[in-house]
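Here are a few exercises to work through with the model open in your viewer. Try each one yourself before you read the solution.

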Amino acid sequence: MRRRDDSASLTVKSGRGRVRVEEEMAIEADRFERLWPLTEGRRIEKTRYEIPAGDALTIELDVYAGDLDGLVTAEVEFASEDAAEAFAAPSWLGPDVTDDARYKNQRLAVDGAP
């Protein structure tokens, strides 16, 4: 669940690793306010920056705050496994942590930074 500016959404994710399904649904502000207390103890604060990466790709750079201050991660979503394999990451991107469970948002929210 997230709030950006004046909009709120609920995201459902399924699958692991590179191939997974992610659905984001807009929700009303009052529903967000009713659901928000249910996330107590499992929240993360971050600012997302979208950086064009060519070939219609975007690097989503997340800069964390609060308990995760200092952590920065990046994500690129691909249309296919082949597109992911063909991607030449910029040198500043750092190591690939796709399969490292310590970097999943749910884990970060509960356990803190790796």
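**Exercise 1.** Which side chain meets R107 in a salt bridge?

*Solution.* Start with the ground rules: this is a predicted model, where local features need pLDDT of at least 70, side-chain atom pairs count only at pLDDT 80 or more, and totals for chains, interfaces and linings use all residues. Residues are numbered from 1 along each chain as its sequence is written, and side-chain values use heavy atoms, with hydrogens and water left out.

Step 1: A salt bridge is a side-chain nitrogen of Lys or Arg within 4 Å of a carboxyl oxygen of Asp or Glu.

Step 2: apply it. The partner is D111, at 2.8 Å, N to O.

Step 3: check accessibility. Buried means under 20% relative accessible area, exposed over 50%, and partly exposed in between (1.4 Å probe, protein chains only). R107 comes out partly exposed at 37%, while D111 is exposed at 51%.

**Exercise 2.** Find the network of salt bridges that includes K46 and work out which strands it ties together.

*Solution.* Step 1: get the total. The salt-bridge rule gives a count of nine.

Step 1: take the first pair. D62 bridges to K46, with the closest N and O atoms 3.1 Å apart. D62 sits in strand β5 and K46 in strand β4, so this pair ties together parts that are 16 residues apart in sequence. D62 is buried at 3% relative accessibility, and K46 is partly exposed at 26%.

Step 2: take the second pair. E60 and R48 meet at 3.4 Å, N to O. Again this links β5, which holds E60, with β4, which holds R48, over 12 residues. E60 is buried at 16%, whereas R48 is partly exposed at 25%.

Step 3: join them up. K46, R48, E60 and D62 are linked in a network of salt bridges.

**Exercise 3.** What is the strand order in the open sheet of three strands, and which strands are at its edges?

*Solution.* Step 1: settle what pairing means. Two strands pair if DSSP finds at least two bridges between them. As background, strands of a sheet pair through backbone hydrogen bonds, either parallel or antiparallel.

Step 1: read off the order. It is β4-β5-β6, with antiparallel pairing. The edges are β4 (45–52) and β6 (72–76), each of which pairs on one side only.

Step 2: β5 (residues 58–65) is joined to β6 by five bridges, and I59 has V76 as its bridge partner in β6.

**Exercise 4.** Track down two non-glycine residues with positive phi, D5 and A56, and say where they are found.

*Solution.* Step 1: recall the background. Most residues other than glycine have a negative phi.

Step 1: take D5. Its phi is near 50°, and D5 is exposed at 74% relative accessible area. D5 belongs to the turn of the hairpin formed by β1 and β2, which has two residues between the strands. Three bridges join those antiparallel strands, and R2 has S9 as its bridge partner in β2.

Step 2: take A56. Here phi is about 65°, in the loop between β4 and β5. A56 counts as exposed, at 81% relative accessibility.

Step 3: follow β2 onwards. β2 pairs with β3 (residues 19–27) in the antiparallel sense over nine bridges, and K13 stands opposite E22 in β3.

**Exercise 5.** Are the rings of F32 and W36 stacked or edge-to-face?

*Solution.* Step 1: set the cut-offs. Rings of Phe, Tyr and Trp (its six-membered ring) pair if their centres lie within 6.5 Å; planes under 30 degrees apart count as stacked, over 60 as edge-to-face and the rest as tilted.

Step 1: apply them. The structure holds two aromatic pairs. For F32 and W36 the centres are 5.2 Å apart and the planes at 20°, so the pair is stacked.

Step 2: F32 is buried at 3%, but W36 is partly exposed at 27%.

How values were computed. Helix = DSSP H or I, 4+ residues; strand = E, 2+ residues; numbered from the N terminus.
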